[in-house]
Amino acid sequence: MWPIISAFLTETSILFLVTVGFFLIHRSAKFLNIAHGDYVTLAVYLLWTFTSLLGWNIWVSIVLCMAAMGFISILIDRVSYKYLRGAPLALMLCTIGVGLIIRHSILMIWGGQLKTIHITLPNLEIRGMVISGSLLLALAFVGLIILLAYYLFKHTNLGITVRALADNLSLAENFGIDTEKTLTFLWFFSGCTATLAGVVLVVNQPLTYSLGFNWILLIFAVSILAGEKLSMPYLLVSSAVIAGGMEVGLFFIPEAYREGIGFAILIIALLVRRVLQK
Amino acid sequence: MTTNFASFILALGSTFMIYALLSIALNLQWGQAGIMNFGVAGFFMLGAYITGISMVSPTSIAWVHVGLSLPFPVALLLAISVTGIIAWLISPLVRLGVEQLAIITLAFAELIAVIVENNTSLTGGGRGIYITSTLDKNLGLLSYNLAFFLILLITVLLIYYFLRKLNFSQFGRILNAARQNEMKAKALGFDTVSYRRKVFVIGSMIMALAGSFYIYFLLRAIPGLFSVSITFTIWIALILGGSGNNLGALLGVGIYIAIDTLCDLYLKIPGHPEIAANLTYVIMGLIFIIVIIRRPQGILGPKRSRYE
């Protein structure tokens with residue numbers, strides 16, 4: 001039983017981590033950042049450069065990489081998305097271009113051959129149940145993000161402006177909230193979470209240029225299932241539902257179609273919501 | 001040398017025509033009807049693989065066990081009609097919001113790719129499916145390319161003419177009305193969803209036609225040729241040239257093919273082949289972002305009838 005629960009928890013944490021940055025941007029700036037998966041990929045390649053090429057300590061590298069990705073996301077926002085505020089479709093199409101540039105720049109700079117990052121993590125054993133290091137790391141990251149988000153959104157002015165933006169962008173602007181400042185913060189946060197997602201992903205698999213991009217459909221599914229509100233617990237529940245559905249579905253359906261199961265859950269949920277609304 | 005050069009140009013022209021078909025089909029769906037179809041690669045792949053499965057004979061490839069060994073014209077019609085039926089079955093989704101439809105069509109394309117990759121006995125899986133062509137056997141390289149180019153040219157011109165007629169007909173005017181203000185169009189008594197469903201199906205069938213020609217042109221199909229990059233490339237080409245304008249759609253594809261060919265021919269850095277292969281997409285991405293910020297209507301801008 002434990003291996004299944006362990007796989008479920010790992011899957012839930014990964015889904016949560018890869019989606020959270022996308023989710024924040026989607027709820028506050030109101031557009032789909034299709035390039036979010038590529039931010040994750042860029043983060044792991046930067047991490048590879050820091051650890052394997054320059055030989056720095058892994059934990060120092062992760063922190064540096066978070067800062068770097070935060071600033072890179074702000075930079076991308078400043079040079080492209082900033083000019084398209086208030087045009088969600090143009091923004092969504094623009095992120096396609098950004099994603100394309102990131103993916104192919106990665107191939108140009110780092111090449112196409114497989115790379116790995118060695119992260120040695122101690123396993124924890126409680127009463128014969130082995131909790132793997134990667135699961136502990138993923139859970140720690142999820143916990144960190146949820147606590148941080150809770151503190152920010154409930155107890156700081158910046159977090160309150162984020163919630164105001166998510167509720168009603170133009171109303172927030174009319175109340176004199178500096179939306180640009182809030183969005184800059186959100187992009188930084190989004191870049192940081194992309195790094196954390198990347199770290200958890202590369203513990204168990206090699207780096208490829210489409211590492212993050214492959215998650216894009218599940219990112220959409222989790223984010224839409226989480227509902228209209230900007231709420232971390234909802235996002236966590238939504239990740240758990242999709243992860244659980246995929247784990248259960250694997251008993252009946254071959255491994256190759258697991259993304260399809262995640263998507264089927266989303267479509268059913270959308271239909272149910274539509275029926276309930278009527 | 002000259003023969004090789006001529007057949008190279010003709011092959012390039014054929015590639016352009018195939019992409020142009022995809023692009024004007026997408027223009028019909030997005031530029032005229034406002035349907036955000038992110039499943040271009042999926043319909044393209046459906047067309048190609050249905051043609052492939054219909055044409056291959058069950059004994060010619062070791063790992064493919066199903067095949068109908070039909071001639072190309074029949075296979076082409078089969079591919080278009082089956083894709084049309086599939087598109088009709090998923091077309092009620094055009095009711096959804098623009099973003100949700102984009103996500104669901106993207107997932108549909110992914111589903112098609114996964115099905116193709118995992119049914120080796122039917123589609124050849126990762127090893128691909130190979131067909132033989134009567135044109136290829138009987139003609140030399142140059143005349144093969146020429147014949148193919150001419151067939152495609154006629155097809156593209158016909159489709160172009162058809163779409164032009166459609167755009168300026170009553171059907172096209174209702175579509176434009178529905179795109180601009182769906183509520184008003186509904187209030188005038190038009191069933192906008194039914195019009196959009198029809199356009200979704202017609203566009204998808206043109207994409208399948210492109211796929212059908214594509215496999216007949218290359219004489220093989222592997223899943224890697226139909227990745228999501230195709231969808232994104234076509235979208236970028238359309239927005240770049242100007243959505244709502246068939247000439248713009250052609251121009252966008254032309255720019256893509258030109259950049260791709262130039263990078264391929266002149267950008268050879270010894271020891272680093274990956275730079276030439278990927279620089280095309282980086283340049284396309286940069287041009288695309290600049291265009292979408294500076295000139296959101298695209299290079300040519302939408303072409304509307306004079307009644308608007």
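The model is predicted, so local features are given only at pLDDT of at least 70 and side-chain atom pairs count only at pLDDT 80 or more, while totals for chains, interfaces and linings use all residues. Residues are numbered from 1 along each chain as its sequence is written, chains are lettered from A and ligands numbered from 1 in the order in which they are written, and side-chain values use heavy atoms, with hydrogens and water left out. Helices (H or I, at least four residues) and strands (E, at least two) are DSSP runs numbered from the N terminus.

**Contact between the chains**

- Chain A brings 36 residues into contact with 35 residues of chain B, where contact means heavy atoms within 4.5 Å.
- About 3100 Å² is buried between chain A and chain B, and carbon and sulfur atoms give 83% of this area; buried area is the accessible area (1.4 Å probe) that two parts lose on being put together, summed over both.
- Of the area that chain A buries against chain B, 20% is supplied by Leu93(A), Met108(A) and Tyr257(A), which is more than any other three residues supply.

**Cavities**

- There are four cavities of 30 Å³ or more, a cavity being a set of points, on a 1 Å grid over the protein atoms alone, where a 1.4 Å probe fits but cannot get out, with lining residues having an atom within 4 Å of a point.
- The largest cavity holds about 110 Å³ of space, where grid points are joined across faces, edges and corners and a volume is the space filled by probe spheres set on the points.
- Two elements of chain B, helix 7 (141-168) and helix 12 (246-266), each give two or more residues to the lining of the largest cavity, and helix 7 of chain B gives the most, with five residues.
- The lining of the largest cavity includes Tyr160(B), Arg164(B), Asn246(B) and Lys303(B), and its residues divide into four nonpolar, five polar and two charged. In this division Ala, Val, Leu, Ile, Met, Phe, Trp, Tyr, Cys and Pro count as nonpolar, Asp, Glu, Lys and Arg as charged, and the others, Gly among them, as polar.
- The second largest cavity holds about 40 Å³ of space, and its lining includes Leu28(B), Gly172(B), Leu175(B) and Asn176(B).
- Helix 1 (2-32), helix 7 and helix 8 (170-180) of chain B each give two or more residues to the lining of the second largest cavity, which divides into four nonpolar, four polar and no charged residues.

**Cysteines**

- A search over all chains finds zero disulfides, a disulfide being a pair of cysteine sulfur atoms within 2.5 Å.
- For Cys65(A), the closest cysteine sulfur is in Cys192(A), and because the two sulfurs are 9.6 Å apart, they are too far for a bond.
- Cys65(A) is buried at 0% relative accessibility, and Cys263(B) is buried at 7%, where buried means under 20% relative accessible area, exposed over 50% and partly exposed in between (1.4 Å probe, protein chains only).

**Buried residues and their contacts**

- Phe226(B) lies in the loop between strand 2 (220-221) and helix 11 (228-241) of chain B, and is buried with a relative accessible area of 4%.
- Leaving out residues up to four places away in sequence, the residues that Phe226(B) touches include Phe44(B), Met45(B), Tyr49(B) and Tyr214(B).
- Ser223(A), in helix 9 (residues 216-225) of chain A, is buried at 0% relative accessibility.
- Apart from residues up to four places away in sequence, Ser223(A) touches Thr19(A), Phe22(A), Phe23(A), His26(A) and Arg27(A).

**Loop residues**

- Most residues other than glycine have a negative phi. Lys30(A), however, has a positive phi near 65 degrees; Lys30(A) is in the loop between helix 1 (2-29) and helix 2 (36-53) of chain A, and is partly exposed at 34% relative accessibility.
- Leu219(B) also has a positive phi near 65 degrees; this residue lies in the loop between helix 10 (192-218) and strand 2 of chain B, and is buried at 15% relative accessibility.
- Gly34(B) sits in the loop between helix 1 and helix 2 (40-55) of chain B, and its C-alpha atom is 8.5 Å from that of Arg196(B), although the two residues are 162 residues apart along the chain.
- Beyond its neighbours within four places in sequence, Gly34(B) is in contact with Gln29(B) and Arg179(B).

Technical notes:
On a 1 Å grid over the protein atoms alone, a cavity is a set of points where a 1.4 Å probe fits but cannot get out, and a pocket is an open set with protein on both sides within 12 Å along at least five of seven lines; lining residues have an atom within 4 Å of a point.
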